[in-house]
Amino acid sequence: MKIKFMVILFLSVLSCKAQEETPIVFSEAALNDTFVTLEGTTTTFKAILEANRGKMIVVDVWASWCSDCIKGMPKVNALQKANPNATYIFLSLDKTQDAWKKGIKKYKVNGQNYFMQSGWKGSFGEFIKLDWIPRYMVMDENGNIKLFKAIEADDENLKNTL
């Protein structure tokens, strides 16, 4: 009887998870979260999307201290080479802006770079349910979310979305 209950409970949890819908647009809170540019100014995620309207966007949430992020950079470079028309936006979870800027140079991070000053638990991180990095997302030309989550730059869903 106890095993039957556990199986039913497990299947219930799975069906609830399966019914969670992936968002196709960002929440206002996520859009209004602020990021720091390489020049030291502050901008919102909404402004970043607006500046890239009309382009397919790949977002890569990473950090220079993250070994999986660093190991994945050659895959990111391959993705960029295979999809040169997409815009690549890198959002850093480094602990300091200095470490972030050094990481960009050291790992030759090519694209638009921003520092996630609100971190994992900010409005943007909460909205995307950030639990692991690297984290990849794809937005279409209108800023709608086409791929909500991938953790490898060579993920088939990521490549097919582009």
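**Stop 1: the largest pocket**

Select Leu31, Leu49, Arg53, Asn142 and Gly143: of the 14 residues that line the largest pocket, these lie nearest its centre. The model is predicted: local features need pLDDT of at least 70, side-chain atom pairs count only at pLDDT 80 or more, and totals for chains, interfaces and linings use all residues. Residues are numbered from 1 along each chain as its sequence is written, and side-chain values use heavy atoms, with hydrogens and water left out.

What is a pocket here? On a 1 Å grid over the protein atoms alone, a pocket is an open set of points where a 1.4 Å probe fits, with protein on both sides within 12 Å along at least five of seven lines. Lining residues have an atom within 4 Å of a point. Rolling a probe the size of a water molecule over the atoms shows where empty space is left.

How much space lies in the largest pocket? About 170 Å³. That volume is the space filled by probe spheres set on the points, which are joined across faces, edges and corners.

Now colour the lining by class. It has five nonpolar, four polar and five charged residues. Asp, Glu, Lys and Arg count as charged; Ala, Val, Leu, Ile, Met, Phe, Trp, Tyr, Cys and Pro as nonpolar; the others, Gly among them, as polar. Helix α3 gives the most to this lining, with three residues.

**Stop 2: the whole chain**

Zoom out and switch to the cartoon view. The protein chain has seven helices and seven strands. Both are DSSP runs numbered from the N terminus: helices are H or I with at least four residues, strands are E with at least two. Trace the chain along its sequence and the pattern reads α-α-β-β-α-β-α-β-α-β-α-β-β-α.

Of the 162 residues, 43% count as buried. Buried means under 20% relative accessible area, exposed means over 50%, and partly exposed is in between (1.4 Å probe, protein chains only). Take the contacts with a separation of 6 or more: 60% of them join residues 24 or more positions apart. Contact means heavy atoms within 4.5 Å.

**Stop 3: the nonpolar core**

Select Phe26, Phe45, Val61, Leu91 and Phe124. Of the 47 residues in the largest nonpolar core, these touch the most other members. Strand β3 gives the most to this core, with five residues. A nonpolar core is a set of buried Ala, Val, Leu, Ile, Met, Phe, Trp, Tyr and Cys residues joined through side-chain atoms within 4.5 Å. In soluble globular proteins, nonpolar side chains tend to be buried together.

Keep Phe124 selected. Leaving aside neighbours within four places in sequence, Phe124 is in contact with Phe26, Ala30, Asp33, Phe35, Phe45, Val61, Leu91 and Met116.

**Stop 4: Asn52**

Go to the loop between α3 (45–51) and β3 (57–62), where Asn52 sits. Is Asn52 buried or exposed? Asn52 is buried, because its relative accessible area is 1%. Its side chain reaches the backbone oxygen of Ile48 at 2.8 Å. That is a polar contact: a pair of N or O atoms within 3.5 Å, where one must be able to donate a hydrogen and the other to accept it, and residues adjacent in sequence count only if both atoms are side-chain atoms. Not counting residues up to four places away in sequence, Asn52 touches Ile57, Thr87, Ile89 and Gln112.

**Stop 5: Thr44**

Select Thr44 in strand β2 (residues 42–44). Thr44 counts as partly exposed, at 24% relative accessibility. A polar atom of the Thr44 side chain lies 3.0 Å from the backbone nitrogen of Ala47.

**Stop 6: Asn113**

Move to strand β5 and pick Asn113. Asn113 is buried, with a relative accessible area of 6%. Its side chain reaches the backbone oxygen of Gly111 at 3.1 Å. Leaving aside neighbours within four places in sequence, Asn113 is in contact with residues including Val36, Phe90 and Trp100.

**Stop 7**

Most residues other than glycine have a negative phi, and most peptide bonds are trans. Select Lys108, in the loop between α5 (97–106) and β5 (112–115). Lys108 has a positive phi of about 50° although it is not a glycine. Lys108 is exposed, with a relative accessible area of 63%.

Next, find Lys129 in the loop between α6 and β6. Lys129 has a positive phi of about 55°. Finish at Pro134, in the loop between α6 (123–127) and β6 (135–139). A cis peptide bond joins Ile133 and Pro134, with omega about 5°.
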